[in-house]
Each structure stands twice: as C-alpha cells, then as structure tokens.
Amino acid sequence: MKETKGLGFGDLRDFLGGMVKELEKKVPYASAFAARKEGVRVVVSSAQMNITPEAPATGLDLTLWNGEQFFEYACNRLDATAIRAEALALADKAMKMRGKSPAVDIDPGEKLEKDFATPAKKALHAVPLKEKQAYAKSLQQALAGASPQVQNAMAVVGDMHTEEIFVNRAKNLRQQLSRLDEIMQVFVSDGKKTQQLWEGNSLAGGYELQGFCKGKAGALVADARRLLSAGRLEPGFYDIVADPHWSGIIAHEAFGHGTETDMYLKDRAKGKEYMGRQVASAITDLYDDPTLPGEAGSFFFDHEGQLARPNRILEKGILKSGMTDLYSASLLKYERSANGRRESWERKPYARMTNTFFAPGKSSPEELIASVEEGIYLRYPSNGMEDPQGWGIQCEGLWAQRIRNGKLLDEVYSPVIMTGFVPDILQSISMAAGDLTISGSGYCGKGHKEWVKNTTGGPHLKFKARLA
Amino acid sequence: MLEKIVSTLESEDSLSGWQVREIDKRSSQLYVGLDRVESFRRVDSLAYEIEILVNRRAAAPKKGMVTGSARFTLDPSALGRLEKELDQAMASAALIENEAYAMTEVAGQVPQVPLSDLNLLKDPETILRQGAEILRQASASEAQARFSAAEFFADSSKSRYFNSQGVQVLQESTLFSGEFVLLAKGKQAESEVFKAFKRRRAEDIDFAALARESAEHGRRLTLAGLPKTGSYDVVFSGEALENFFSWISSSASAASKYNRMTRFELGQELVTTLPGASPLTLWHNALLPYAVGSYRVDTSGTPGGRRLLVENGRLKCRWANSRYAQYLGQAPTGDLGNLVVEAGKFEVADLLKPEGGRPLYHLHDFSYFEPNPITGEFSAEIRSGEEISAEGTRPIKGGSVSGSSSLALGSALFSKDTAQRERYLGPTFIRCPRLTLAGS
C-alpha cells in the first residue's frame, strides 16, 4: 500500500483501494468515497460585484460495516499515515461494538473499474473570468434598464466542477461532473411596497450552455412590477393549472420525499404502505432519473457506488418503486437505485432525489387553461416542504392568476400557498400538457438540512387543491 | 501554516488589506432509527478562509477610490498552492470595482463570551449515545408513543482570526444539535412529531422532557382535524418564534439597505403599534453566554456587541459588519447575533382566551415558517395546534396560516414569559389578531 505522507487527490484511488483491502481483513464490508469541488461564482448587482471561488471542499470518507451498523471516518487532511491509523482503530472499535443481531450482508455490486465525465464542448475553467463577468454584467444591465422601478438588479453566473471517487472491493469508479448556473434576481418598488422575483437554471455541461437568461430580463421585471399591486387570494379549494416549474415542486415534495426508503426504515413515510397501490390519477407517471443528459441532478454513479439508471416511481398512478440508499436497501432487501447521496464528504449518505419529474401528457397548455371555468394559474414557485409521514404537502409561490371561462384574467395574487393531502391532490390530476420542462435552479434539503443539487420538472398539469 | 499564510500576505505590497481565518473543526455524528444505530461518524477538517483587498483609483468615468476584493479558501491539500491561489485572487480583485472599504480595526479589547461545553469537548461520543438512550427510554415509557429516529451532532471549532490591521482573535466554540422524531398511535393512523434542537451546551437540552412533551403533542395530533377557513386570532409559540422576526431583522440590516432591498430609513416606523398592542422593541446581542448566535468576532473580525435595533416599532440602528458600516457611515455592530425581543405585559392564560364568540388558534408547529425577508408576507402549512373556543379545545393540523409581518406585529400582544430558542430570546407566546386561516 502507498505510504506517502501527503497525498494528492490523484493518488487517492490507489490509496483508498489499498485501505479497503486492509480494512476488510477486520470488517465484513468497507468502502471509500472522495470528492473535490472547484468553481467560481460571479455576482453583479446594482450596488456591487463579487467574484468568489467556491470553497474547494476536498475530502474523503472511509466507511466500515460491522454487520449491523456503519462507522465512518472523514477528513480533509490527506495524510496517509494518519488516515490509516484512524481507520484501523475505527475498524477495531466497530467489531468490538458488534451486537447480537443477525448480520446483514452488503452487496458490493458487480466488478467495474471506470472513469466518467459530463460531456462539455467548452470547458468551464478555460473560459476567462472577464468573459463570465461581462455576461453577468449584460444580464444585470438588461434587468436594471427595464424599468425605473427597479431598485436592485442582480445576475449570477457560476460554475462547478466536481470530481468524485468511489472504491469498494468490486468497484473503482471516478466521475467528473460540470455544471453551469445562471440566475437573475430583481427587486422593484413603487415607494410603498418592495417585491422580488427571480429566474434561473443550472445545467450539466460546459460553457456552450451559456445563455439561459439572455432575453428574459424584460418579462421578469414586468412580472415583478405586476406583483406590486397584487393582493392576497381568498382561501379555498380551486381548479388549478400549474406551470411546469410548479408541477416540478409538487413532484418533488409529494412523491419524491415520500418514497425515499431511508424514511421507510424509520416508519416515517407513507410510501411504504402504498407500494403497488393507486396513489395518483391514471394519467400520472413520475420518474427519478439521474441519467438525463444535460440536467444538473445527473451523475454516473451515486456516492455509494451504485450506477445511475432511470427509476419509474409512478406508473399510470400506481406507486411502483422507491428511491434507495445502500443502508435501507440492504435492510429492506429492495433493489438498489442510484439515490445514495451526500451533501459533502462531511456528511453521511441518505436516500436523495436526482432529476424528479412528471411525464408529459398530450394536451397543450392552452387546452388546460381553456378547460377551466373558474380557477387559478400558478407560476413562480418559491419553496416547498415535505411531510412524508402525514403525506401532507406545502408549496409556496409568488404568482396566482385568475382563470375565468377558460381565459387568463389580469388579476394576480401574491404570495400563494398550496396545502393538502398528497393522494387527494395527485388523484385529482385530470390533464397533462406535452411541454415537459426541467428546472435546475434549486437545491433540496432532507428536512431542514443536507442540501444537494437536484432538479424538478413536469408539464403543465391541471388538478384541484387548497390555496390561500 | 497560519503563520506562513500571514507572512505571505504581509509581504505582498500590492494588498491594501487582508484577513485570514483558520478553522479547525471536529464533529461526532450519531444516527439512530427505530431499535438500531445506523451510523456513527467522526469528521476532522481544517480550512483557511482568506480575503484580500486592493484599493485603486476608479477607471474613468468613475472618480475616487474603489476596492477590488477576492475571497478564497484553502484546505490542507491546497496549501502548497498558496502563492498560485493568491495570484489568482489578485487577478479576480483587479476585475472588481466596489465602493472603497478597509479591513476591520478594533479599538480596545475583543469581548470574552463563553461558547464551549467542556464536557462535549472531552467526550462527545458518550454524550451523543447517552442522549439517544434517554430519548429511546423516555419515548418507550409514554403511552401511545414510540421512538422513530434521531440524529445528533457534537461539533467543536477552534478559529484563529488575523487581519492586516493587527486584529488577532482566538475563538473556541461547541455546538450540540440534531433532530428527534416520535410517532404517536391513534385509532386509525400514527402521527409524527418532529423536533430539531441546537445549543452550545449538551446540558441545555433536557431529552427526557423533550420526549415527554413530544409524546403529549403526538397524542393530541392523532385526534386533530383541519382548522376553519376565515380570519381568526392566532397565538404563535415554539419553533415559529425563531423566524417570526426575520422581516424585521432583514429591514434592520445595513447590507439590505446598501443593496436597496429595504426602503426603511432610521427613525421610520417598521411597525405601527395599534392602541393596546405590545410595542416592538428588539436588540442584536452577540454576547449572551452559550447562546447559538453569540461570538467574539464575526467573520469580518468585528467584535460582538449588543445594540438596540428597533424601539417601539421604529428603526433605531442597523446591524452591520465592518464593510457595510463603513458604507453607511455608522459604527459596526457585527453580524446579527441573537435577536432579543422585549417581553410584553400579558399572562399566557389571557393570551389564550378566545374573544367575541370566535375561536382562537394556538399554532406551534409548521412545515416551514419564515416570512419573506423582503415583503414580510408569510404563509405556512400548520403541522400542529389547537382551536380554542367557548366549547373547549380541539387539536388541529393541516391547512395554512397567512399574513403580513408588518400588520401582524403592529397589533400583536406579547407574553410576560420569555424563553431562549436558538438565536431568539423573547416572549414565549405572541398573539396576532385576525390572520387568514385556510382549512375546512
């Protein structure tokens, strides 16, 4: 085994492979994960500008399984001698703490040694900072110049390059993931009231993807100004048409969190009891798919070495599959899906979503709106919160527009909150448009922490729910 | 290594200012689900956060001086690249033209504030495992209740701050945090109670009491129904109080003012207090012993302090780190520490009395409660509460409550009783007349 004192990130695959071998002389299963992140964020606003490199976040985890529980040692000091000493001591401790419950085997998977990389035509790090700053400035100026009511206009152009390594006795994997972020945010005021609105996306690939926000400043500022005179919606049950961004939040909060199988193990998710049952209307299909090309929630293997593949969660409204991490899949004896993800090397892996979306239908968005006699059109979602145990849902947003006799009225309410019982909302889905759109600008927390990048999406959907 | 970074920064003549923070952290983490431990983790990390300033004449047509700044972080694997990273930072700073500012200067002593739990430093793993066991046993002894899951984090951090103006501060702290889930069995289904906690000291969390209260709360939830739809008086308590004043703290931020995200001027009313309501008076306080929001110096090296921000609803002072204080021409207060809200004169029993033949709602748990920091509007799904009326008390869950921070606080009644929760010290109960509920 390599015993150099100071390891470079490039040395880690060999070192970790050797460590896994040595640790498995003491424990039934061992694995290792290492990550390095690099990137830069250019922010230009009406008041200031900043260029900030992302914190490098290099570090590793050594994972040991004693037959009933995991032990992990994680650090960012890549000192081979010190890491080896800590890991071997932890392995001894793990076996001393082994209880009397029957051993659960961990399947290391099929043998594979492979390198993966996000396809990118124009490498993000090769683009001069000046060019990224100039683009951010052009977005900011377009926002600022759109109306005298703009108080502050802000544009963010960021990129992230992540390199990850996973090693166990069967696998030795490395992936390089690249991502480009663009965000525009505007604050408008009429002297009495201030409102904000934002638009953005994250995409997997190189700088050739730049341009998502281009040409969208005028519409964003106009919508923000419209919110200055918006009142609050009268509470009640409404026929709703949700735009693809709202549909995505529902996909994420309703079924995403409710089918993360680590929650099944704690009896914290209703999904467990609804497996194989009709939980949504028969026109509803929902996927979690980390293989989607170009999407920010995509990867080649998860942080527990599981290769990415599409996972159909709902098929014609029937709950078909959950999203697993290694621990819950091993204990529940479920087939693994590639959902074992860490916020960083400093945190444990959980069952987490990737790209989660409702499949498209065959109608047009206009047909959905035309079918509503009295209802609400929802846009600009801002956040959501899951309740997998009670299967409740909370989604908040900034735009609720009245629909009457099949037409959108110039009557906007803000903010708006949607609440309800997940199966009730999903059973009420009566139409889906064909315009599937994935939104990549958000992050997902597990409860109130453990933030990971993922995307949500769907087409325009028509359903019923409680709004206020 | 810190010394090498400091000497490298000192020897760079083109820098107008610099600061570096060495952060050495240790974390012990325990994850427990139902009847088994899932995982125990130990995490060690070391990082150096560096910021440089380069002042120069503004490029035409601008006039005067501008500051170019850059930040970067080095972890141990990047220390060999210090010079290269510094060159890149200086190249980044050359692209930046912000209003000129300087690094923090400190006159006098940096305050001492106790932030560390010595027991947690000594044996974090034992404290985590004991906490889990107490929660398990206490949950098992409660009728209709069972333990679901818990996560515990014992973190210790040693931070050394140096800057170009001669400020040197050592700050040591601990943080004991986590979450706990209990399930309560009803006739038809189980209800979940989720509690998160965060303190500097382990002794400040009474796990047996947490399990007892959660079980009682859970039993009520199994009988809960939706609230009514309409406009009702609402009493807030519990976790909602931690974020209840977020619009106020945002409106009193120098950074928000400088970035034109708030329109309020000093002396102006943030909240118009109606007759009979509790006047809103609140402070920033970073010096409360063992409070989560306390510090010796903030991330810009500004010493912690205590400052009146809002008095009787009027904005008296903005909280500001060194940079934004310079921009707005005020004394720095340091980043927002703990929010201390002056108590009211009302007994809790009086606040929980319904009036005018209409029910009152007491809400204590939400899916997510945080007023919009820009507009002050709030909407949140109700996880648990009670409807209190002349006919009695009925547990509720589901539906939502909505309102505006400015209007709600102008007519709010604050309890005499106070409590500390994470970064909040203030009334334990706040009654807001006529908020909008959406339910049955």
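Which residues of helix 2 of chain A are buried? They are A:Ala80, A:Ile83, A:Ala87, A:Leu88, A:Leu90, A:Ala91 and A:Ala94, where buried means under 20% relative accessible area, exposed over 50% and partly exposed in between (1.4 Å probe, protein chains only). Welcome to this predicted model, in which local features need pLDDT of at least 70, side-chain atom pairs count only at pLDDT 80 or more, and totals for chains, interfaces and linings use all residues. Residues are numbered from 1 along each chain as its sequence is written, chains are lettered from A and ligands numbered from 1 in the order in which they are written, and side-chain values use heavy atoms, with hydrogens and water left out.

**Helix 2 of chain A**

- Helices (H or I, at least four residues) and strands (E, at least two) are DSSP runs, numbered from the N terminus.
- The buried residues of helix 2 of chain A are A:Ala80, A:Ile83, A:Ala87, A:Leu88, A:Leu90, A:Ala91 and A:Ala94. They cover an arc of only 160° around the axis, so they sit on the same side of the helix; the arc is that of the directions from the helix axis to the C-beta atoms.
- Their packing partners are helix 1 (12–23), strand 3 (59–65) and strand 4 (70–75) of chain A.

**Where chains A and B meet**

- In chain A, 75 residues are in contact (heavy atoms within 4.5 Å) with 72 residues of chain B.
- About 6300 Å² is buried between chain A and chain B, 48% of it on carbon and sulfur atoms. Buried area is the accessible area (1.4 Å probe) that two parts lose on being put together, summed over both.
- Strand 4 of chain A gives the largest share of the side of chain A that touches chain B, with six residues.
- Ten salt bridges run between chain A and chain B.

**Salt bridges**

- A salt bridge is a side-chain nitrogen of Lys or Arg within 4 Å of a carboxyl oxygen of Asp or Glu, and the structure holds 68 of them over all chains.
- One of them pairs A:Asp267 with B:Arg146 (2.8 Å, N to O). A:Asp267 lies in the loop between helix 6 (261–264) and helix 7 (271–274) of chain A and B:Arg146 in strand 5 (residues 145–163) of chain B, so the pair joins two chains.
- A:Asp267 is partly exposed at 21% relative accessibility, and B:Arg146 is partly exposed at 29%.
- B:Arg146 also meets B:Glu190 in a salt bridge (2.8 Å, N to O). B:Glu190 lies in strand 7 (residues 190–199) of chain B, so this pair ties together parts that are 44 residues apart in sequence.

**A look at A:Thr419**

- A:Thr419 is in strand 19 (residues 416–421) of chain A and counts as buried at 2% relative accessibility.
- Its side chain makes a polar contact with the side chain of A:Arg466 (2.9 Å). A polar contact is a pair of N or O atoms within 3.5 Å; within protein, one must be able to donate a hydrogen and the other to accept it, and residues adjacent in sequence count only if both atoms are side-chain atoms.
- Not counting residues up to four places away in sequence, A:Thr419 touches residues including A:Ile393, B:Glu381 and B:Ser400.
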